[in-house]
Amino acid sequence: MKNLINLKDKDNKDFNKLGLKKNILQVLSRLNYKKPLDVQDIIVPLALKGKNVVFTSKTGSGKTLAYMLGYLGKINKKQSLQMIVLVPTRELCVQVGKEVKTVCDPLDINVGMLYGGRNVAGDYRTLMKKNQILVGTPGRLLLHVNEKKIRVGEVKYLVYDESDQMFDHGFYRSCAYLKQRVSKDAQIILSSATITEKVKDFINQEIVDYELLEIGYLIPKNILQEKIYCDKLEKNSILLNLFSKTKFKRAMIFCNTKLKSYNISEFFQTNGFNAKSLSSDLNQDERLKHLNLFKEGKIKLLVTTDVAARGIHIEDVDLVINYDVPTKNEFYIHRVGRTGRVDKNGYSLTLICPEDVKRFYRIEYLYDLEIVEIDKGDFED
Ligand code: AMP
């Protein structure tokens, strides 16, 4: 059975009303979480009741804590593996793993992280511990399942985090296979920025009975979205004006081809901005180097395609620029979601040239977006 629930902000949210155990409430209070965010307010009671939950929500909405609070009280610290959280990338694995640990450590629940790209010997050290929870990327996790280094038969709680990205990375079959291997009555929580065709297929095939929730807004209200109708050749000068007039630490510029990402970054570099492109032509080390410089604030502009940006976790960006209208609708949500984390304002600007007008209109219509049109001269002196 599916339920589509659209929510508006509620004012009276309270962790004490969610049905959480006392020791968990104490942990929340120690970690200084004052009240539940929307996702938590909705998902925790459903998970506590034993329901499977599929929900759309963006990173930064508090979903990690939502699924943790849903399952944490059911984990028995005397037993071994009971919960698996699958994430699309190693970066996300480390980030989510850290957050999971902050709530598990005070309760003496062990959490292990397994992700591709790391020496397998490191995994063996992780697996020597009796982990009640594993956070991992699907490929690496299954490698150990197949080698019988991890026994998943007793896993009762399975989380598919950012599953649209996971399936885009080619992990659909691994995700489905893991579902077959865990306990038959395992409870599932699946999150996705948008319900893509692959996500639809997966939930239809693999999750028998679930609640489908659309939580809050796909793009939070704290992100100001603007658009400018312009010609191709005007784009660089519009952005030059914007960047010269605006105070910001980090801006991401999304375009649709590798060559463009290179050319745009060269343009801004020659115009005095510290800019780098992130292209799939770069090797892993170079990509990481650019990424870290950007995160440290040493590069102000990162110019990238959706393909190169996929699988890297950069948020806390002041400005997101859609230099080109994205080729896939959902890319708009992923791009803009990199600005405006919890409690922070974000800004996105989309540049629309005549041939993209229709395509962008479809994106606006599909997601019911509120985008303010501004004039191309607005950033000029
Ligand atoms: P996530 O969407 O899981 O990546 O969470 C985004 C951020 O929100 C994390 O840094 C959390 O620590 C933070 N967060 C999660 N729940 C709450 C809450 N109830 N109140 C304030 N911050 C929270």
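**A buried loop residue and its surroundings**

Tutor: Glu 162 is buried, because 25 other C-beta atoms lie within 10 Å of its own (20 or more count as buried, 12 or fewer as exposed, and anything in between as partly exposed, with C-beta atoms placed from the backbone). The model is a predicted one, in which local features need pLDDT of at least 70 and side-chain atom pairs count only at pLDDT 80 or more, whereas totals for chains, interfaces and linings use all residues. Residues are numbered from 1 along each chain as its sequence is written.

Glu 162 sits in the loop that runs from strand E6 (157-160) to helix H7 (163-168); helices (H or I, at least four residues) and strands (E, at least two) are DSSP runs numbered from the N terminus. Its phi is positive, about 50 degrees, although Glu 162 is not a glycine. Most residues other than glycine have a negative phi.

Asp 108 also has a positive phi, near 60 degrees, and is likewise not a glycine. Asp 108 lies in the loop between helix H4 (90-104) and strand E4 (111-114), and is exposed, because 8 other C-beta atoms are found within 10 Å. Glu 315, in the loop between helix H13 (306-309) and strand E13 (319-322), is partly exposed, with 19 such atoms within 10 Å.

Val 85 touches Asp 161 and Val 159, and also Val 96, Val 100 and Val 135, leaving aside residues up to four places away in sequence; contact requires C-beta atoms, placed from the backbone, within 7 Å. Val 85, together with Ile 43, Val 100 and Val 135, touches the most other members of the largest nonpolar core, which holds 63 residues. Such a core is a set of buried Ala, Val, Leu, Ile, Met, Phe, Trp, Tyr and Cys residues joined through C-beta atoms within 7 Å. Helix H3 (residues 63-72) gives the most to this core, with seven residues. A second, separate core has 42 residues, including Phe 243 and Tyr 347.

As for confidence, the mean pLDDT of the protein chain is 91, and 95% of its residues reach 70 or more; pLDDT is the predictor's confidence in each residue, from 0 to 100. Residues 1-9, by contrast, stay under 50 throughout, and the model has 15 contacts beyond four places in sequence for them.

Methods. Contact = placed C-beta atoms within 7 Å.
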